[in-house]
Structures are given as structure tokens and as C-alpha cells.
Amino acid sequence: MSSTELPETRTAAASSASRTRAVRVAEGEELRSVALPGLTLTVRARPGNRTGLPPALYVHGLGGSSQNWSALMPLLADHVDGEAVDLPGFGDSPPPDDGNYSVTGHARAVIRLLDAGGRGPVHLLGNSLGGAVATRVAAVRPDLVRTLTLVSPALPELRAQRTAWPTALLAVPGVASFFAKLTKDWTAEQRVKGVLALCYGDPGLVTDEGLRHAVEEMERRLELPYFWDVMARSSRGIVDAYTLGGQHGLWRQAERVLAPTLLVYGRRDRLVSYRMARKAAAAFRGSRLLTLPEAGHVAMMEYPEAVAQAVRDLIADDGGS
């Protein structure tokens, strides 16, 4: 989703000619660019409050960015040395050379980032699409994941909610370009308010300043020539992952995850049905479930304190920091 940044932000200097305007960086965060063969990733770091803390990596959802974790990261800085990645084509990361926006492609990017930095095993957190990506990473590379936290993970549903259908429709060839033309006269504020209504249990939680920052970020993204293509291809990647069966299916991979797992679901989620919480709790062995009655799809942005406490408990039970 389009991020709603924290009020206490500053502007980061542009580091790439392809960037249309600078992204916002919360106080205490740092941005860096990681160049890998065929891939460049922007990483938003929130260093721990002391040296020697274990590493954590945060992975955002469809249409989101590393900024989606800016409310949660400082609340965990006493337990982890945190980094949040902009997946290829999202946030401040340019598209990958191979144009692969599948769940497997995004998971491969996360794995390559962790391998290149030598930061594993990490406390891995993912939301929505990022939750599906994190599940795949934990299943295929258990050596890289110490604990796993999934906030409304995009795992296959047989009967998706009607409010989630527009996202799925973006996967249909031509729909994204049609929607772009259909909404060309929409203001960035109209778009942001639509996203907030879909992703938040209570959009009223967003402050005026937070809304303004989100609008600024939406304006920046709409200037990117690849914005709609990335959305369409990533949506197609989710749909493809939903239909993939056998050992590579996401539910089968969930059963293979060895890391202690925390599942976070909001009862007001309009994109991932709350009814999937029970199935997920059964699939991830020994998992724990946090249910937030008033939360929507992005609980880490809506109720960061509650999510942070559950993550701290998970980390403590795993042996602490």
C-alpha cells in the first residue's frame, strides 16, 4: 500500500538520476543502496540502540515500501538492528534487469541481499505480499531466518473477499494501463484516501501530517515511468503464487518453516480475510497468533505498539537479543 510516514521526517538527498524527487526518511533512519548483479535495492536502516543486537529485516507489501515499517522499527530498536528493504521496483529501488516480479523473484532478491550482507540469520518480518515472500525465504533458506513475523500475509485463499478483487484484476493484461487512463484525473490525495480506506481498519488513525506525507510519496511514485507496470506484474506474481501447487505452493512451504513464527491478523482486514488466521496457525508449526479486532491490513502501521510487544515476546522466547 502507499505508505503513511511518521510526522518526524526529513528529506533524503537524491542518489540516483532516475529518482524523480527525494524520498522521506524518518528521524533516526538511514538510506543506503545495495548494488547486486542485475539488481539494485534501497535499504532503510534503523540501527539498534546498542551494539551487538541481532539483525532484523522488514519486507513490505504490494504497492508499499520500506516506509511502511517506520512506525514499528523504532519500537524494536532495543531488541534488533533493523533494516527494511524496498523490493525491486517499489519505494526507491529501480526495476530489476530481468523484470521478474513473482513472489519467487522477490524472495530471491531478499535472499541475495541477506547473503551479500552476511546478516543472516535475521528476525524476518513481512506484510501482505512481503509475508508471502518471507514465507518462501524461510522455507527454502532456513539458515537465514531466526524468527518469522507475518502481518496479514498474502497466502492463497479459495474465496477472496470482494474488496480484494480490484488488486487481483491488476494482474489481467491491459487492466493496469486501462485503470491508469481511467484515473488519470484523480489527485494524489484521492488515491491515497482510497488506499487508506482499503488498508486501514480505521483511516481516522492517520494524522493530517501523515496524510500529507503519504500524498507527497504518492505524487513521487506516480512520476515513475514504471509505476503501473510494476504494480501489474507484482499483482500477477501474487495470482500465480496462489495457483501454484505441489511442493512450491505457499501453504506447503508454510508447513516447512522451522523458525518460530508470529502471525498477526486484523479483524477489519479488507484484503486478507481474517478467516485465514486459523488455517495459517495450523500450517506454521508451533506458531503464535495475535488478533487485533480494530486493525485492517497493515497492523504494524495502525497498532505498532501491540505488534512490537508481540515481536519482543517472540524474540525473548527465542533466546532474546
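The legends below describe close-up views of a predicted model.

The model is predicted; local features need pLDDT of at least 70, side-chain atom pairs count only at pLDDT 80 or more, and totals for chains, interfaces and linings use all residues. Residues are numbered from 1 along each chain as its sequence is written, and side-chain values use heavy atoms, with hydrogens and water left out.

View 1. Helix α5 covers residues 188-199, which is 12 residues. Helices (H or I, at least four residues) and strands (E, at least two) are DSSP runs, numbered from the N terminus. From first to last C-alpha, α5 reaches 16 Å, close to the 16 Å expected at 1.5 Å a residue; the expected span is 1.5 Å times one less than the number of residues. Ala188, Arg191, Val192, Leu196 and Cys199 of α5 are buried. They lie on the same side of α5 because they cover an arc of only 135° around the axis, taken from the directions from the helix axis to the C-beta atoms. Buried means under 20% relative accessible area, exposed over 50%, and partly exposed in between (1.4 Å probe, protein chains only). The buried residues of α5 pack against α6 (208-222), α7 (227-243) and α10 (299-302), where contact means heavy atoms within 4.5 Å.

View 2. Strand β8 (residues 145-151) pairs with β9 in the parallel sense over four bridges; two strands pair if DSSP finds at least two bridges between them. Val151 stands opposite Val264 in β9.

**View 3. The crossover from β9 to β10.** Strands β9 and β10 (residues 288-292) also pair in the parallel sense, over five bridges. Leu262 stands opposite Arg288 in β10. Between the two strands the chain passes through helix α9 (residues 276-283), and this β-α-β crossover is right-handed. That is, with the strands pointing away from the viewer, the path from the first strand over the helix to the second runs clockwise.

View 4. Glu216 pairs with Arg24, their closest N and O atoms being 3.0 Å apart. Glu216 is in α6 and Arg24 in strand β2 (residues 24-26), 192 residues apart. Glu216 counts as partly exposed because its relative accessibility is 26%, whereas Arg24, at 17%, counts as buried. Asp92 and Arg220 form another salt bridge, with closest N and O atoms 3.7 Å apart. Asp92 lies in the loop between β6 (81-85) and α1 (103-117) and Arg220 in α6, so the pair ties together parts that are 128 residues apart in sequence. Both Asp92 and Arg220 are buried.

**View 5. The salt bridge between Asp317 and Arg288.** The side chains of these residues meet at 2.9 Å, N to O. Asp317 lies in helix α11 (residues 304-317) and Arg288 in β10, so the bridge joins parts that are 29 residues apart in sequence. Asp317 is exposed, with a relative accessible area of 57%, while Arg288 counts as partly exposed at 30% relative accessibility.

Methods: Salt bridge = Lys/Arg side-chain N within 4 Å of Asp/Glu carboxyl O.
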